[in-house]
Amino acid sequence: MLDRDKLLAEVATLYYEENLTQAEIAKKMFLSRPTISHMLTEAKKRGIVTITINHTHSDVFSIQNELEKKYGIETVLIADKNISSNNIKKELGILCAKFVESRIDNMNNIGLGWGTTVNEYVNKASFLSHPTLEIIPMIGGVGIHHTDLHSNHLAFRLSEKYNCQVSYFYAPVFAESIKMRDMFISSSLYQEIYQKGINVDLAILGVGNPIESSTYKLFGYFTDEEIKQLKNSPAIGDILGSFFDIDGNVVKIPLTERMVGINLEDIHKIKEKLIMASGIEKFPSILTLLKLNIINHLIIDKDLAQKLLESPV
C-alpha cells in the first residue's frame, strides 16, 4: 500500500505541481495515459490530493450545488453581496437576465410576473433581437398607481429590450368585487391570455410574504380591514396574487376571491418556473413552494439560501 501511495503521490506531483500533461507523465513513467488518469482520480479519492478553490464566490457555488441536490431543483443562483436590500434585488435581476438570455434561443414565450424584484430583471435585461419570441403577463396589469411595476408595463418593456412580441392582460390584479372578477374571467380576452400564460416555456415570478410584501404596500390594494383578515388567516406566502398556507393550500378570504390571474393550481401546469426572492421574511413562502415541487429555478439572496440549507426538508 505504501508503494502504491508513493506512486500516486509522484503522479499527482508531476501533474499538479510540475504541470506535466497526462500524456507526458505516461511517457515518463512507461504507463498508458488512461492509467495516469485513473491514478489521478484515485489520488483525489484517497485524500492524497486535495483541491482548494481560492475564490470569493467558492462558498456560494457550494451552497448552490447543495441546495439543488437537497430540493431536487435544476438551478439555484445566489446573490451574495453584503449590500442593501434594494441593491440585492438588482443583483437578482442581473443573475436572472444572464440565466434567461443563456437559454432564450430555445424559447418561444416567456411569462412575466410583477413587482419590484421582477422589475429589476427587466431593468438588467440586455438589448437583443428575438422577433419570434412573445412575452406574456401572468397577472392582471391595469391600474393607476405605480404602473411601472404592473405586469403589462413590465412585459412591454421586456419586449422592447428583446425586440419581440408582447400580449397584454386586460384586467386589474384585484377586481373591485367578486362579481366584477367573474365578469373579467368570463371574457374572451381573459381566456386567451390565461391559455397563453399556462403554456409559456418559462414563467419568471416573484414570491412574497403577504403581510410584509413591498409590492402590496406600494400599490395600497388592501383596506385596513382586509389587512387584518390577512393577518388572522393562515396565509404565509403569495405568488401571482394567490395566497397559500404552510401546507400549500390556497387561502380563501374575501380579498383573495377578487384576484384576477394565474392561480396556484394553474402554476403547477407551467412547464418551467423561475422564482426570484430576497429577504428572510420570504423563507416560509419559498420553502412551501419547494415542497410543492413548483420551483425549477431559484434566484435568491445568501441569507435565504443559508436558511434553506439549514432547514429540514
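Helices here are DSSP runs of H or I with at least four residues, numbered from the N terminus. With that in hand, welcome to a few close-up views of this predicted model.

**View 1. Helix H7 and the residue just after it.** Helix H7 covers residues 151-162, which makes 12 residues. From its first C-alpha to its last, H7 reaches 16 Å, close to the 16 Å expected at 1.5 Å a residue. Just past the end of H7 comes Asn-163, whose phi is positive, at about 50°.

**View 2. The buried residues of helix H7.** Which residues of H7 are buried? The buried residues are Ser-151, Asn-152, Leu-154, Ala-155, Leu-158, Ser-159, Lys-161 and Tyr-162. Among them you will find Lys-161 as well as Leu-154 and Leu-158.

View 3. Side chains of opposite charge can pair when their charged atoms come close. A search of the whole structure turns up eight salt bridges. Arg-4 and Glu-42 form a salt bridge, and their closest N and O atoms are 2.6 Å apart. Arg-4 sits in helix H1 (residues 2-17) and Glu-42 in helix H3 (residues 33-45), so this pair ties together parts that are 38 residues apart in sequence. Arg-4 is partly exposed, at 34% relative accessibility, and Glu-42 is partly exposed too, with a relative accessible area of 22%.

**View 4. A network around Arg-4 and Glu-42.** Which residues are linked with Arg-4 and Glu-42 in a network of salt bridges? Asp-5 and Arg-46 join Arg-4 and Glu-42 in that network.

**View 5. Arg-181 and Asp-182, a salt bridge.** The closest N and O atoms of Arg-181 and Asp-182 lie 3.3 Å apart, and the two residues form a salt bridge. Arg-181 counts as partly exposed, at 22% relative accessibility. Asp-182 also counts as partly exposed, at 38% relative accessibility.

**View 6. Lys-271 and Asp-201, a salt bridge between two loops.** Lys-271 forms a salt bridge with Asp-201, with 3.0 Å between the closest N and O atoms. Lys-271 is found in the loop between helix H12 (264-269) and strand E8 (273-277), while Asp-201 is in the loop between helix H9 (188-198) and strand E5 (202-206), so the pair ties together parts that are 70 residues apart in sequence.

Note on methods: Residues numbered from 1 in each chain as written. Predicted model: local features only at pLDDT ≥ 70, side-chain atom pairs only at ≥ 80, totals over all residues. Heavy atoms only, no water. Expected span 1.5 Å × (residues − 1). Buried < 20%, exposed > 50% of the residue type's maximum accessible area, 1.4 Å probe, protein only. Salt bridge = Lys/Arg side-chain N within 4 Å of Asp/Glu carboxyl O.
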